[in-house]
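Here is a walk through one protein model, taken a stop at a time.

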Amino acid sequence: GKSLMLSMIDYYFRIDEDSKDLFADKKIFGCGDEYASYLNSYPVIHLNMKNVKGETYEELLFEFKKVISKCYETFPELEDSPTINEEKKKTFLAYKNGSFEQPKQYAGALSFLIELLYRHYDKRVIVLLDEYDTPINDAYQNGYYQKAISIFSSFYSSAFKGEDSLYMGILTGVLEIQQESIFSDQI
């Protein structure tokens with residue numbers, strides 16, 4: 001039910017959708033105009049990390065790059081956005097095409113996309129992250145946890161901690177998020 005819930009939230013808030021017909025006869029529209037005003041009013045990044053795993057660190061990174069690339073492909077409007085300078089457009093295309101070689105370069109991929117969407121739409125961004133813990137759990141099971149945690153700690157922290165352009169973030173997974181976890185600057 002977690003993935004279904006995130007999809008429902010995605011359809012409700014996503015600014016580039018027209019999902020009024022999906023929700024018109026639902027209870028949320030009976031809750032007043034304030035709730036209805038949120039319909040299709042925010043840029044939404046929806047990532048599913050369920051396939052980001054591998055027997056080796058290199059396999060995990062390959063799958064991670066594919067997820068980032070696919071995510072970036074869902075925002076073609078950013079390639080021609082007048083609010084984004086040429087240097088940032090080049091970086092956008094590098095993420096979209098999976099051109100970066102160094103794993104650390106992907107650590108900022110989510111926060112960079114949040115920044116671009118905020119600039120383009122002039123609206124804070126919603127991030128939906130399904131199965132956030134799959135790559136970490138898989139890395140632990142396969143013996144390369146320390147290498148993986150250095151990337152994913154930065155990836156999650158840069159997007160969810162202190163990000164002014166973020167309206168809200170929702171994560172699903174099976175591992176408990178603790179106060180001194182991957183969302184902390186201390187590993």
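Let's begin with Asp130, which you'll find in strand S2 (residues 125–130). Helices (H or I, at least four residues) and strands (E, at least two) are DSSP runs here, numbered from the N terminus. This is a predicted model, where local features need pLDDT of at least 70 and side-chain atom pairs count only at pLDDT 80 or more, while totals for chains, interfaces and linings use all residues. Residues are numbered from 1 along each chain as its sequence is written, and side-chain values use heavy atoms, with hydrogens and water left out.

Is Asp130 buried or exposed? Asp130 counts as buried, because its relative accessibility is 2%; the cut-offs are under 20% relative accessible area for buried, over 50% for exposed, and partly exposed in between (1.4 Å probe, protein chains only). So who are its partners? Setting aside the neighbours within four places in sequence, Asp130 is in contact (heavy atoms within 4.5 Å) with Ser3, Leu6, Leu47, Asn48, Met49, Lys50 and Thr172. Take Thr172 from that list: Asp130 and Thr172 are 42 residues apart in sequence, yet their C-alpha atoms are 4.9 Å apart in space.

For the classes, Ala, Val, Leu, Ile, Met, Phe, Trp, Tyr, Cys and Pro count as nonpolar, Asp, Glu, Lys and Arg as charged, and the others, Gly among them, as polar.

On a 1 Å grid over the protein atoms alone, a cavity is a set of points where a 1.4 Å probe fits but cannot get out, a pocket is an open set with protein on both sides within 12 Å along at least five of seven lines, and lining residues have an atom within 4 Å of a point. Grid points are joined across faces, edges and corners, and a volume is the space filled by probe spheres set on the points. How many cavities of 30 Å³ or more turn up? The count is 1, and the largest cavity holds about 30 Å³ of space. Leu47 is back again, lining this cavity with Ile68, Cys71, Tyr72, Ala109, Leu110, Leu113 and Phe155. H4 and helix H6 (109–121) are the elements that give two or more residues to the lining. That lining divides into 8 nonpolar, no polar and no charged residues.

Two packed helices are described by the angle between their axes and the distance between the axes. The axes are lines fitted to C-alpha atoms, for helices over the stretch in contact, and angles run from 0 to 180 degrees between N-to-C directions. H4 and H6 pack at about 5°, with axes 11 Å apart, so they are roughly parallel to each other. Angles under 35 degrees count as roughly parallel, over 145 as roughly antiparallel, 65 to 115 as roughly perpendicular and the rest as oblique. Ile68, Cys71 and Tyr72 of H4 make this contact with Ala109, Phe112 and Leu113 of H6. By class, that gives 6 nonpolar, no polar and no charged residues.

On the H4 side the contact has Ile68, Ser69, Tyr72 and Glu73, which meet Phe92, Tyr95, Lys96 and Asn97 in H5. Those residues divide into 4 nonpolar, 2 polar and 2 charged.

Our last stop is a pair of loop residues. Asn40 sits in the loop between helix H3 (33–36) and S1, and Asp122 in the loop between H6 and S2. Asn40 has a positive phi of about 50° although it is not a glycine, and Asp122 has a positive phi of about 55°, also without being a glycine. Asn40 is buried at 14% relative accessible area, whereas Asp122 counts as exposed at 61%.
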